[in-house]
Amino acid sequence: RNMSIPTTMKAIVVEKTGGPEVLELKTAHPVPTPQEGQLLVKNSISGVNFIDTYFRTGLYASPKPEILGREGAGTVQAIGPNTSGFKVGDRVAWLATQGYAEYTAAPANKAVKIPDGLSDEDVMASFLSGLTVLSFIKETYPVQKGEWVLVHAAAGGAGFLMTQILKTIGAKVIGTAGGPEKCALVKSLGADVVIDYRSEEGKDWVKLVKEATGGKGVDVVYDSVGKDTWEGSLEAVKRKGTIVWFGNASGPVPPIPLPKLSPKCVKIARPVLFGYIETREEFEFYTNELFSLLSSGQLKTKIHKIYPLEDIAQVHTDLEGRKTTGKSLVKP
Ligand code: NDP
């Protein structure tokens, strides 16, 4: 072991499922030793994603105790045996688990060097969320220029990036968001129609979507809100349209009786990012695409706030309380 690597670190450990209070700061957690295929990364910044709240509450099952956090960026400090492609000192971003910590033993096959000119913060503000958006609009439903797309929670971490990328493709975007400030932000990204689905008028967002599309409905809905929007999404999609359900911000979509899809010949999908980046080739395809969009300035990131790791319970409270726009990050 390199003498400059300490033996203990700060980490946020969840012993049992529950509210934000189960996120416990440990100040002397053991620093992991990288195993075969792993890099030991000292995280300069880690991303917080809505999925972290699902593992915290138990909506998604995972063994406890657990260090949450599915992505980080920082510097490689040590390399596990028989692990190639990286050297100590490389600046990398990674996707795995255990990001809420000063150090993470991350799989080298889900790590990538950050190009010069991009900051760790820029990359973390768009890494898991950006790869999700890029793969879902290329593979789950290949969005074409001129198509109408409904994006729920368009001011959120994923939604902020999705709106921009859809506009670069030339799609016509209807974004929903809660409150006038979030709506102004979505509008500033070039969305064609913005609906405040928490306002009196916007509560009937299905009707507004129909009006905007000449009565037809949208070609595709990207719905990560789930429980509160799934029925409306089915109404707002056009005949032969597609609904991509990919999250549970308001709770999960209940089991849907398949005959509900028949009247309009609707297609539905329920993708996860990891299904599209399983191989190294796939992972590099999307990371290259993301880095080139960031480097060229075509994709802007928005950081809601960089919180100290100690404030992680507040980050979860803010995310679940719909108080954030763009991406929330923690500094270990
Ligand atoms: P966001 O920053 O988008 O936060 C979630 C947003 O959802 C809120 O800001 C809020 O925006 C909206 N929302 C609507 N109803 C509720 C509610 N009842 N409680 C809380 N929020 C609500 O989070 P992320 O960018 O991290 O993730 C966005 C979604 O995408 C999540 O559902 C996540 O699970 C999903 N996702 C799925 C992936 C996959 O692989 N399947 C990968 C990445 C993300 P508003 O106030 O405007 O309504």
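Which helix gives the largest share of the shell around the ligand? The largest share, three residues, comes from helix 4, where helices (H or I, at least four residues) and strands (E, at least two) are DSSP runs numbered from the N terminus. The model is predicted, with local features needing pLDDT of at least 70 and side-chain atom pairs counting only at pLDDT 80 or more, while totals for chains, interfaces and linings use all residues. Residues are numbered from 1 along each chain as its sequence is written.

The ligand is surrounded by 29 residues, the closest being Gly156, Gly157, Gly178, Ser224 and Gly247; a residue is near a molecule if its C-beta atom, placed from the backbone, lies within 6 Å of it. Two or more residues come from each of helix 1 (50-57), helix 3 (127-140), helix 4 (157-169) and helix 9 (312-320). Because domain 1 (8-125 + 301-331) and domain 2 (129-274) both give residues to the shell, the ligand lies between them, the domain bounds coming from an automatic or database domain assignment.

Two residues other than glycine have positive phi values, as tabulated here.

| Residue | Phi | Loop between |
|---|---|---|
| Cys265 | about 55° | strand 13 (237-245) and strand 14 (267-269) |

Ala153 counts as buried because it has 27 C-beta neighbours inside 10 Å, whereas Cys265, with 10 such neighbours, counts as exposed; the cut-offs are 20 or more other C-beta atoms within 10 Å for buried and 12 or fewer for exposed, with C-beta atoms placed from the backbone.
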